[in-house]
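Please keep the sequence and the 3D view at hand while reading.

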Amino acid sequence: MKTFSGSYVIDKNAILNKTYRLLCLFFANKEIARRSDPDDPEAPLKALERRFFEGEVSRLLIEIAVAIRVLDDQMKRLHKADEARKIYEKHLAKVDKYQFGLFDDLKLNLRKTCNKIIHSDVMEPHTKEGWEPHEFDSEALYGDGDQSINWEHLNGYVRLAGRERKEEWYVLLDVEVFVTAVYEICSD
């Protein structure tokens with residue numbers, strides 16, 4: 001008869017796959033915005049993104065953060081001499097030095113970042129103006145004139161906010177840094 005370990009099995013490849021999809025959603029937004037008429041809210045590519053982006057990003061952020069937290073808990077329960085724990089702690093020491101948030105006054109490490117994702121009451125992606133010519137701006141696109149179409153795309157930051165012990169907190173999460181940290185932790 002098969003015996004079970006008695007704890008959650010964390011599939012690092014599944015976490016990495018979710019992390020890749022999260023990154024793709026943010027990177028794809030720029031191209032979708034560049035190829036969609038900024039004055040047409042029903043443009044098909046933009047409409048598809050509007051329908052699925054927020055739900056997909058919310059789900060992926062939470063699933064990744066929960067999986068990393070469970071993995072962290074499991075690694076910390078291993079004996080200090082365990083090779084898996086040593087490797088994990090080596091990677092964790094590196095990623096805990098990353099700047100997870102813009103204007104980070106909370107001194108975030110990976111675990112704290114995951115906690116902020118899980119407990120946030122707000123998930124608001126930030127935008128910036130596109131500097132390349134828009135697909136519909138043919139004169140600027142082919143170098144025959146100045147850019148005449150202003151357009152926006154996501155800049156890779158997500159505002160998270162919540163309360164901890166009656167104190168409000170805010171984080172402007174750098175999605176690319178978060179993805180890089182998760183990759184470092186899960187890619188051994």
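The model is a predicted one. Its C-alpha trace spans about 65 × 45 × 30 Å along the principal axes. The protein chain has 188 residues, and 38% of them count as buried. Of the contacts between residues at least 6 apart in sequence, 67% join residues at least 24 apart.

In soluble globular proteins, nonpolar side chains tend to be buried together. In this model the largest nonpolar core has 39 residues, and those with the most contacts inside it are Leu 22, Ile 68, Leu 110, Phe 178 and Ile 185. Two or more residues each are given to this core by α1 (12–35), α2 (44–77), α3 (83–95), α4 (110–119), β3 (152–164), β4 (167–174) and α6 (175–186). The largest share, 10 residues, comes from α2.

What is Ile 68 in contact with, leaving aside its neighbours within four places in sequence? The list is Ile 15, Leu 110, Cys 114, Val 182, Ile 185 and Cys 186. Two of these partners, Leu 110 and Ile 185, are also named among the residues with the most contacts inside the core.

The helix packing can be described pair by pair. Two packed helices are described by the angle between their axes and the distance between the axes. For α2 and α4, the axes come within 9 Å and cross at roughly 140 degrees. Because of that angle, α2 counts as oblique to α4, given that the antiparallel class starts over 145 degrees. The crossing of α2 past α4 is left-handed. On the α2 side the contact involves Leu 61, Ile 62, Ala 65, Val 66, Ile 68, Arg 69, Asp 72, Asp 73 and Lys 76, and these meet Leu 110, Arg 111, Cys 114, Asn 115, Ile 117 and Ile 118 in α4. By class, this contact of α2 with α4 has 9 nonpolar, 1 polar and 5 charged residues.

The helix α4 also packs against α6, at an angle of about 125 degrees and with the axes 11 Å apart. The two helices are therefore oblique to each other. Here too α4 passes α6 in a left-handed crossing. Leu 110, Thr 113, Cys 114 and Ile 117 of α4 make the contact with Phe 178, Ala 181 and Ile 185 of α6. The residues of this contact divide into 6 nonpolar, 1 polar and no charged.

A few single residues remain. Leu 141 belongs to helix α5 (residues 138–141). Its relative accessibility is 29%, so Leu 141 counts as partly exposed. Neighbours within four places in sequence aside, Leu 141 is in contact with Arg 34, Pro 133, His 134 and Glu 135.

The loop between β3 and β4 holds Arg 165 and also Lys 166. Phi of Arg 165 is near 50 degrees, a positive value in a residue other than glycine. For Lys 166, phi is near 70 degrees, again positive in a residue other than glycine. Arg 165 has a relative accessible area of 74% and is therefore exposed. Lys 166, at 74% relative accessibility, counts as exposed as well.

How values were computed
Residues are numbered from 1 along each chain as its sequence is written. This is a predicted model: local features need pLDDT of at least 70, side-chain atom pairs count only at pLDDT 80 or more; totals for chains, interfaces and linings use all residues. Side-chain values use heavy atoms; hydrogens and water are left out. A nonpolar core is a set of buried Ala, Val, Leu, Ile, Met, Phe, Trp, Tyr and Cys residues joined through side-chain atoms within 4.5 Å. Buried means under 20% relative accessible area, exposed over 50%, partly exposed in between (1.4 Å probe, protein chains only). Helices (H or I, at least four residues) and strands (E, at least two) are DSSP runs, numbered from the N terminus. Contact means heavy atoms within 4.5 Å. Axes are lines fitted to C-alpha atoms, for helices over the stretch in contact, and angles run from 0 to 180 degrees between N-to-C directions. Angles under 35 degrees count as roughly parallel, over 145 as roughly antiparallel, 65 to 115 as roughly perpendicular and the rest as oblique. A crossing is left-handed if the near helix is turned anticlockwise from the far one by less than a right angle, and right-handed if clockwise. Ala, Val, Leu, Ile, Met, Phe, Trp, Tyr, Cys and Pro count as nonpolar, Asp, Glu, Lys and Arg as charged, and the others, Gly among them, as polar.
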